[in-house]
Amino acid sequence: MTSVDKRVVVAMSGGVDSSVAAALLVEQGYEVIGMMMRLWSDEAMGGADHNRCCTPEQMADAERIANHLGIPFYVLDTKDVFRATVVEYFINGHRQGITPNPCMECNRHIRFDYLLNNALALDADYLATGHYARIHQAESGKFVLKSGIDDNKDQSYVLSVMGQEQLSQTLFPVGEYPKHEVRALAAKFGLRVESKKDSQDLCFLGKNDYRDFLEVHAPEIMQPGPIVFRDGTQIGEHHGLANYTIGQRKGLGLSYKDPLYVIAMNPYRNALIVGTRDQLGKDELVATRFNWVSDEAPVGESFAAQVKIRYKAKAQPANVTVRSESEIHVRFDELQRDITPGQGAVVYDGEICLGGGIIQSADVAN
Amino acid sequence: MTKRNVYLDHSATTPTDPRVVEAMLPYFSEHFGNASSIHQFGRQAERAIEDARQTITNILNCQPNEIVFTSGGSESDNLAIRGFATVARAAGKGNHIITSPVEHPAVTRTIQQLVDYAGFTSTILPVDELGQVSIISLEDAIRDDTILTSIVYANNEIGTLSPLTQLAEITQKHHVAFHTDAVQAGGQMTLDVEELGVDMLSLSAHKFYGPKGVGLLYVRDGIDLIPSQSGGSHERGRRAGTQNTPGIVGMAKALELAYSDRDARIQHLAQMRDQLIDGILSGFSHSHLSGHPTERLPSHASFVFDGVDGNKLLMHLDMKGVAGSSGSACKTGNPEPSGVLLALGYDRQKALSSLRLTVGLHTTQEDVEYAIRAVSESVTTLRKLNSTVKSS
């Protein structure tokens with residue numbers, strides 16, 4: 001075993017990816033410290049459970065794996081800062097009638113800020129995670145964020161909040177492998193890792209539905225209101241804006257000659273705006289709070305790129321115009337049906353992730 | 001500085017003295033008999049146990065039939081409280097128990113269980129800001145139906161010693177039984193039950209360089225209790241289960257070593273402790289000694305560092321090779337403020353910011369100096385981290 005004389009804190013979850021990440025780093029000769037974050041969940045809510053990212057079982061798994069690898073393992077109390085940033089962002093997003101993406105916010109404030117700073121304070125040279133993405137250093141010395149080798153598992157979308165300093169202090173050991181090889185590595189390292197089903201639900205909801213969560217934490221936004229056409233004509237009543245998402249057709253309870261879709265929301269009037277299928281698609285968006293991975297916004301430039309508008313969507317060809325340090329305009333080559341305010345708009349040049357921002361409401365965009 | 005491994009968590013456990021291990025070894029494979037058996041193998045084990053019991057009576061100043069061997073401190077506390085309270089109530093003496101807010105959970109939760117499930121009532125006496133129970137409040141709390149008082153000898157988190165003799169005088173006057181958890185005090189403070197005036201006293205061997213998994217309960221002659229673990233009639237019917245011969249032999253040896261050499265041991269411990277306290281308190285601002293400045297265990301130093309998360313401090317010290325503990329310590333990232341510090345009047349934030357460092361017989365001046373530097377560096381780093389993270 002070679003020694004690289006570098007200390008790494010690896011964020012462990014008890015799952016296969018972060019466990020293999022830890023094992024690879026140990027094999028590569030790093031001094032590895034396992035760390036798990038205790039995140040917030042509303043344990044007082046009826047039926048609520050532990051945060052899905054840190055159940056007692058997952059903690060026990062992570063600790064067992066750390067012991068197996070012979071590395072120290074600590075759990076970091078992250079509840080308050082997680083509540084104050086990610087959960088607050090989620091609730092406020094719904095207050096503004098958008099569909100927020102808390103996972104990006106978590107990477108921005110929790111993983112690559114709070115956790116990274118705690119790792120550096122322990123004299124670590126790097127923070128490592130089990131994300132499927134790659135960090136390469138270009139000849140210029142700049143760090144480049146690339147999508148993971150395994151296209152189906154690529155997580156660069158939620159990592160687009162990272163900048164040069166963070167990339168220089170981060171390692172993604174499994175990003176260079178396809179998932180099936182990571183499983184094989186787990187077997188090779190003798191890691192007994194349960195394969196857990198990937199859940200689409202937000203970690204801090206526990207067993208709750210997000211609507212129940214909002215009923216408790218933001219009851220004022222779960223008020224009924226009008227369903228209207230673009231021109232303001234009312235056609236029905238909704239049960240609270242947070243119950244709906246852009247592009248939704250089912251469950252609106254409307255009768256009209258054509259199928260109707262949710263095309264926008266107006267939180268100020270508590271109105272749900274619907275329209276026909278042809279009104280749904282749009283070929284442009286504006287994203288703000290845009291983070292450039294290179295730390296350099298090419299303000300004023302306009303270029304062809306690929307843009308991803310959801311975590312699991314395919315990147316679509318588009319023209320990107322950089323309006324300011326923090327804002328871009330995107331015009332897609334083809335109509336996109338589910339441009340959802342609050343989700344990320346992440347810009348790629350092939351496998352290179354250039355950066356990401358938050359999709360603004362259509363009214364702002366127009 | 002060069003990394004050094006410094007164990008300063010002797011209140012959690014101590015290394016077993018090699019002389020103790022040596023005394024125990026014959027009772028694993030050679031003299032393996034069951035002390036309850038009638039044959040020579042059993043007799044051999046029984047003799048070893050009774051010799052151990054005799055050794056211990058010399059230190060506790062009591063009679064052999066007053067010693068009940070158990071699996072450790074928690075079991076002794078359970079046996080004393082549940083075993084005694086059950087009998088006393090059945091005899092119509094009452095159902096009221098008095099205790100303090102600075103007890104080990106083995107005492108607190110046993111009493112709470114009796115209150116929640118068995119119809120007992122309890123009074124928790126106030127403590128002052130140094131962690132001592134007020135003597136007057138004990139007298140005030142005693143009622144006609146009071147059967148038992150349980151007050152810790154030395155608190156595990158802050159090391160404060162209770163004024164046991166004075167407290168026991170009051171309970172004696174009112175014919176109330178007095179139990180003390182002496183687990184932290186064992187090996188350092190006097191265990192003379194006549195001098196202390198206690199009726200029951202719990203000890204655990206691994207706190208004084210004996211093996212883990214063995215302890216005892218002293219029960220004054222005439223105090224009646226039922227076993228909390230029923231079964232065979234071992235230990236005069238007060239604790240069922242085959243006796244742990246090697247453990248009992250080891251505990252007696254460890255106690256004998258501790259008390260034959262007590263003055264020198266205490267002198268060394270107190271010297272190391274005082275250097276540690278002086279070095280840390282003079283090192284940087286907003287650090288306080290918690291607990292009593294003088295009436296404290298010779299081995300025990302405990303601190304509160306404003307604005308420093310106790311759990312993170314332990315993590316940083318661990319990375320530097322220094323082993324300590326914290327009243328809010330938690331392996332699952334869900335720290336609760338120390339109940340002991342809250343009872344002393346500390347606020348929630350401070351009660352999450354504690355550090356306990358407990359020295360041992362093998363602690364050296366170099367260890368102490370290294371630990372002072374490690375604490376100082378870690379506290380400084382964590383205070384800086386607070387401001388970094390808050391501003392982002």
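Modeller: Let us begin with one pair of residues: Arg7(A) has Glu31(A) in β2(A) as its bridge partner. This is a predicted model, in which local features need pLDDT of at least 70, side-chain atom pairs count only at pLDDT 80 or more, and totals for chains, interfaces and linings use all residues. Residues are numbered from 1 along each chain as its sequence is written, while chains are lettered from A and ligands numbered from 1 in the order in which they are written.

Colleague: How many bridges join strand β1 of chain A to β2(A)?

Modeller: Two strands pair if DSSP finds at least two bridges between them. Strand β1 (residues 7–11) of chain A and β2(A) run parallel and are joined by 5 bridges. Strands here are DSSP runs of E with at least two residues, helices are runs of H or I with at least four, and both are numbered from the N terminus. β2(A) is also joined to β3(A) by 5 bridges, and these two run parallel; Arg38(A) stands opposite Asp77(A) in β3(A).

Colleague: Which way do the residues of β3(A) point?

Modeller: In a regular strand the side chains alternate between the two faces of the sheet. In β3(A), Phe73(A), Val75(A) and Asp77(A) point one way, whereas Tyr74(A) and Leu76(A) point the other way. A residue is buried if 20 or more other C-beta atoms, placed from the backbone, lie within 10 Å of its own, exposed if 12 or fewer, and partly exposed in between. Because 5 of the 5 residues of β3(A) are buried, this strand is largely enclosed by the rest of the structure. Strand β2 (residues 31–38) of chain A has 7 of its 8 residues buried, so β2(A) is likewise largely enclosed by the rest of the structure.

Colleague: Is Val10(A) buried or exposed?

Modeller: Val10(A) has its place in strand β1 of chain A. Val10(A) counts as buried because it has 32 C-beta neighbours inside 10 Å. Val10(A) and Phe73(A) lie 63 residues apart in sequence and 9.5 Å apart in space, C-alpha to C-alpha. Two residues are in contact if their C-beta atoms, placed from the backbone, lie within 7 Å. Leaving aside residues up to four places away in sequence, Val10(A) touches several residues, among them Ala21(A), Val32(A) and Ala128(A).

Colleague: At what angle do the axes of helix α3 and helix α4 of chain A cross?

Modeller: Two packed helices are described by the angle between their axes and the distance between the axes. The axes of helix α3 (residues 79–95) and helix α4 (residues 102–121) of chain A come within 9 Å and cross at roughly 160°. Axes are lines fitted to C-alpha atoms, for helices over the stretch in contact, and angles run from 0 to 180 degrees between N-to-C directions. α3(A) and α4(A) are therefore roughly antiparallel to each other; angles over 145 degrees count as roughly antiparallel, under 35 as roughly parallel, 65 to 115 as roughly perpendicular and the rest as oblique.

Colleague: Which residues of α3(A) meet α4(A)?

Modeller: Those of α3(A) include Val81(A), Phe82(A) and Tyr89(A), and those they meet in α4(A) include Cys106(A) and Ile110(A).

Colleague: How many residues does the contact take from chain A and from chain B?

Modeller: The contact takes 14 residues from chain A and 17 residues from chain B. On the side of chain A that touches chain B, α4(A) gives the most, with 5 residues.
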